[in-house]
Amino acid sequence: MLIKQLIALISAVAVMLLGCGQYEISDDAENNSAIIHADSMIADVPHGNNESVYCGYEHLNYTEQEIYNELLEMIQQKKPEFLITDKNTDMIVKAYNTVVDDHPEFFWLNGSYSYQTTTYPDKTETVIKPAEQFNADIIGQMESELQGEVSRIVSTAQKETNDIDKALYVHDYLVDTIEYDNDTYREISSGTGSGMIYVSSTAYGGIISRKAVCSGYSAAFQLIMQRLGIPCGRASGSKAGGGNHEWNYILLDGDFYYIDVTWDDPQMVDSESDNLDNKSYDFFCVTTNELEKTHVIDENNFVPLCTATKYNYYVYNNLYFDTYDFIDVSGVIVSNQNAVINLKFSDENETNKAVHDLIEKKKIFNLVSKTKVKYSIGNSKTTLKMYLE
């Protein structure tokens, strides 16, 4: 007896956007297809405690979490494709995207994939098939390398006494060790090789190859934070002037903060300070309001509203001033006779006042024994970095 089968075919292609993207699903009525742009679909993350380091999973509903866990088990088993039975296709896609976004250790999934849903009289099957760009042996070797190096970094970071200092250590470590991969950025920007996995856009690239674009920085930071037990996710969007970008958010003492390790790397700072090799902290634990002065958060990218300032680098280290006052800042400068002095003000006008008074009027030399000073102003126009020689 012939059994009539109804087969519905839905395909998807994940397209990498400038190494830093977002998932955006759009229906096409003509060919019944869905186009998915990768690679960060993070659900709205509520404030809470540090119970789970996987921010996306916490937002999924019960059924989606079941699918997430099924997919996670199959991925860990290195299966070439993932079969889910009798579940809604949209939920499956959402769960898969969330697994990939929550788990930067699965670097081999950071590229294109397809999925097919087939409906039979008694069941529905959906198969997700990632593009094969690494064979199993290579994945195993690379995974082992990554796990070993992450363990080494985590072991050192755990010597810090609290989570904020652990996060700062990892931030500084990545800034000091990663070289920004301009070649890969240009290739991705040109649109060639769309859907490919670029090692520089993965945690492996940032931690092992030590060469990365923004998504590699953010994946590396996320992975190490998770291994330290600190909830951390990735946010996607663009630079204020255009161009896709990716950065992180972390949960510290019940509050979320944004961190952009890429933009704190001095290789990425566009200033007239002779490209002095000193890391920045302009984007270490900042609020949504401050981030949006230079970043555009993708409207389809659900991320937490960050309002806390307690662990902002400048606030935490008593380097922040609402208004510029020579007496107030002189106390900080005199007590901090380092080669680099960082200050932050409430707005660009106050920063300009500091530059005029300390640099142009040369009052800085009343406070330090050095005979030469160079300076740079951060992207937000609210931070002043002085290099003493």
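**Figure 1. Overview of the predicted model.** Of the chain's 389 residues, 53% count as buried. The model shown in every view is predicted. The chain contains twelve helices and 17 strands. Where contacts join residues at least 6 apart in sequence, 65% of them link residues at least 24 apart.

**Figure 2. Packing of helix α4 against helix α8.** Helix α4 spans residues 136–157 and helix α8 spans residues 214–227; the two pack at an angle of about 65°, and their axes are 10 Å apart. The crossing is right-handed. On the α4 side the contact is formed by L146, V150, I153 and V154, and on the α8 side by L223, I224 and R227. By class, these residues comprise six nonpolar, no polar and one charged.

**Figure 3. Packing of helix α5 against helix α8.** Helix α5 (residues 163–177) packs with α8 at an angle of about 145°, with 10 Å between the axes. This crossing, too, is right-handed. From α5, the residues K166, A167, V170, H171 and L174 meet Y217, A220, F221, I224 and M225 of α8. The contact of α5 with α8 has eight nonpolar residues, one polar and one charged. I224 of α8 takes part in this contact and also in the contact with α4.

**Figure 4. Nonpolar cores, with a close-up of L358.** The largest nonpolar core has 87 residues, and L358 and M386 have the most contacts inside it. Neighbours within four places in sequence aside, L358 is in contact with Y324, F326, V329, I333, L343, K363, I364, L384 and M386. Another core lies apart from the largest one and has twelve residues, including C55, W247, L251 and I297.

**Figure 5. Aromatic pairs, with a close-up of W263 and F283.** The structure holds 18 aromatic pairs. In the pair of W263 and F283, the ring centres are 5.4 Å apart and the planes stand at 75°, so the pair is edge-to-face; the cut-off for that class is over 60 degrees. Both residues lie in the loop between β11 (255–259) and β12 (284–286), 20 residues apart. W263 and F283 are both buried.

Figure 6. F106, F107, W108 and Y204 are linked into a cluster by ring pairs. Q133 is found in the loop between β6 (124–130) and α4. Its relative accessible area is 32%, so Q133 is partly exposed.

**Figure 7. Two loop residues with positive phi.** R210 is a residue other than glycine, and its phi is positive, near 60°. R210 is found in the loop between α7 (203–209) and β8 (211–212). With a relative accessible area of 34%, R210 is partly exposed. N318 is not a glycine either, and has a positive phi of about 60°. The loop that holds N318 runs between α10 (313–316) and β14 (320–321). N318 counts as exposed because its relative accessibility is 59%, and the cut-off for exposed is over 50%.

Conventions: Residues are numbered from 1 along each chain as its sequence is written. This is a predicted model: local features need pLDDT of at least 70, side-chain atom pairs count only at pLDDT 80 or more; totals for chains, interfaces and linings use all residues. Side-chain values use heavy atoms; hydrogens and water are left out. Axes are lines fitted to C-alpha atoms, for helices over the stretch in contact, and angles run from 0 to 180 degrees between N-to-C directions. Helices (H or I, at least four residues) and strands (E, at least two) are DSSP runs, numbered from the N terminus. A crossing is left-handed if the near helix is turned anticlockwise from the far one by less than a right angle, and right-handed if clockwise. Contact means heavy atoms within 4.5 Å. Ala, Val, Leu, Ile, Met, Phe, Trp, Tyr, Cys and Pro count as nonpolar, Asp, Glu, Lys and Arg as charged, and the others, Gly among them, as polar. A nonpolar core is a set of buried Ala, Val, Leu, Ile, Met, Phe, Trp, Tyr and Cys residues joined through side-chain atoms within 4.5 Å. Buried means under 20% relative accessible area, exposed over 50%, partly exposed in between (1.4 Å probe, protein chains only). Rings of Phe, Tyr and Trp (its six-membered ring) pair if their centres lie within 6.5 Å; planes under 30 degrees apart count as stacked, over 60 as edge-to-face and the rest as tilted.
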